[in-house]
Each structure stands twice: as C-alpha cells, then as structure tokens.
Amino acid sequence: MIFDTNVLIYLSNYTLSLEKTLSKPASISIITKIEALGFAFKNVEEHQLIVELCNELKIVPLSDAIVEATIDIRRGNRIKLPDAVIYATALVQNQPLLTNNIADFKPLGNQVELIDPFTL
C-alpha cells in the first residue's frame with residue numbers, strides 16, 4: 001500500500017491509529033517524504049514522529065517508469081504535480097493508494113485502488 005502525505009500527517013497527530021494503519025506493509029513516494037518533512041509543524045513531537053515514520057517506511061524513489069506515468073497523468077488531467085507523482089507511484093508499484101483525498105484522485109480513473117484511511 002502507498003500512503004498519501006495526508007496519511008502521515010494524520011498519523012503524526014494521532015488522528016489515525018498507528019497500529020491499524022501500519023498493520024500491513026506500506027511505502028511512500030519520495031514526494032510524500034518531501035511534503036511531509038517540509039510541513040511546518042507547530043508541535044515538535046509531530047515532526048519527530050514523521051521523521052520516524054519516514055525512516056521506517058519503504059521510500060519509493062522516482063524511476064523512469066514513475067516519471068513517464070506522471071507525465072501521462074498530467075497530460076490528461078488537471079492535477080497537482082505532487083499528487084500526480086504519488087498516484088503514478090501507486091500505479092507503477094501496482095499498490096492501492098491510502099488517502100483521505102479520494103475526490104482528488106477519482107477523476108484519474110480506476111487504475112489504482114483508492115482507500116480512505118478512516119475505513120480501515
């Protein structure tokens with residue numbers, strides 16, 4: 001399963017349960033790591049938890065396949081670049097995408113299974 005950035009944010013402030021959310025193998029796109037660690041946390045403990053999560057989760061680097069999938073996605077859709085990279089990562093890795101922003105990804109079709117983290 002690929003985690004969207006919002007999932008890491010929800011984990012860092014305990015909106016989502018660490019035990020439930022991390023019960024299955026999970027990865028994040030390198031973009032998610034950049035977005036999450038670049039977030040301006042007011043609480044230093046939240047930031048530290050994000051650092052720990054990024055150290056524990058598998059980080060999927062940009063590959064030529066992810067870049068090409070991102071280009072294809074952006075050509076046919078109005079979507080922010082980070083979201084396109086995250087979606088392309090899930091697509092290329094053939095993994096579901098765990099995200100609270102399902103509406104942002106729905107217009108891209110059904111190539112990737114979208115899972116709302118609050119339904120786990």
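A crossing of two helices is called left-handed if the near helix is turned anticlockwise from the far one by less than a right angle, and right-handed if clockwise. The structure described here is a predicted model, in which local features need pLDDT of at least 70 and side-chain atom pairs count only at pLDDT 80 or more, while totals for chains, interfaces and linings use all residues. Residues are numbered from 1 along each chain as its sequence is written, and side-chain values use heavy atoms, with hydrogens and water left out.

Helices (H or I, at least four residues) and strands (E, at least two) are DSSP runs, numbered from the N terminus. Helix α3 (residues 30-37) passes helix α4 (residues 44-56) in a left-handed crossing. Their axes, lines fitted to C-alpha atoms over the stretch in contact, come within 10 Å and cross at roughly 165°. Angles are taken between N-to-C directions and run from 0 to 180 degrees; under 35 degrees counts as roughly parallel, over 145 as roughly antiparallel, 65 to 115 as roughly perpendicular and the rest as oblique. α3 and α4 are therefore roughly antiparallel to each other. For α5 and helix α6 (residues 81-93), the axes come within 8 Å and cross at roughly 125°, so this pair is oblique. The crossing of α5 and α6 is right-handed.

An α-helix has 3.6 residues a turn, so residues three or four places apart point the same way.

Residues are called buried under 20% relative accessible area, exposed over 50% and partly exposed in between (1.4 Å probe, protein chains only). Arg 75 is exposed, at 69%, and Leu 62 is partly exposed, at 48%. Together with Val 67 and Ile 71, Leu 62 forms a nonpolar surface patch of about 220 Å² accessible area. Such patches join nonpolar side chains (Val, Leu, Ile, Met, Phe, Trp, Tyr) within 5 Å, from residues with over 30% relative accessible area and no salt bridge; areas come from the Shrake-Rupley method.

Helix α1 (residues 5-12) has seven of its eight residues buried, so α1 is largely enclosed by the rest of the structure. Among the buried residues are Val 7, Leu 8 and Ile 9.

How values were computed
Patches are made of residues with over 30% relative accessible area and no salt bridge: like charges are joined within 9 Å, nonpolar side chains (Val, Leu, Ile, Met, Phe, Trp, Tyr) within 5 Å. Accessible areas come from the Shrake-Rupley method with a 1.4 Å probe; for residues, only the protein chains shown count as cover. A salt bridge is a side-chain nitrogen of Lys or Arg within 4 Å of a carboxyl oxygen of Asp or Glu.
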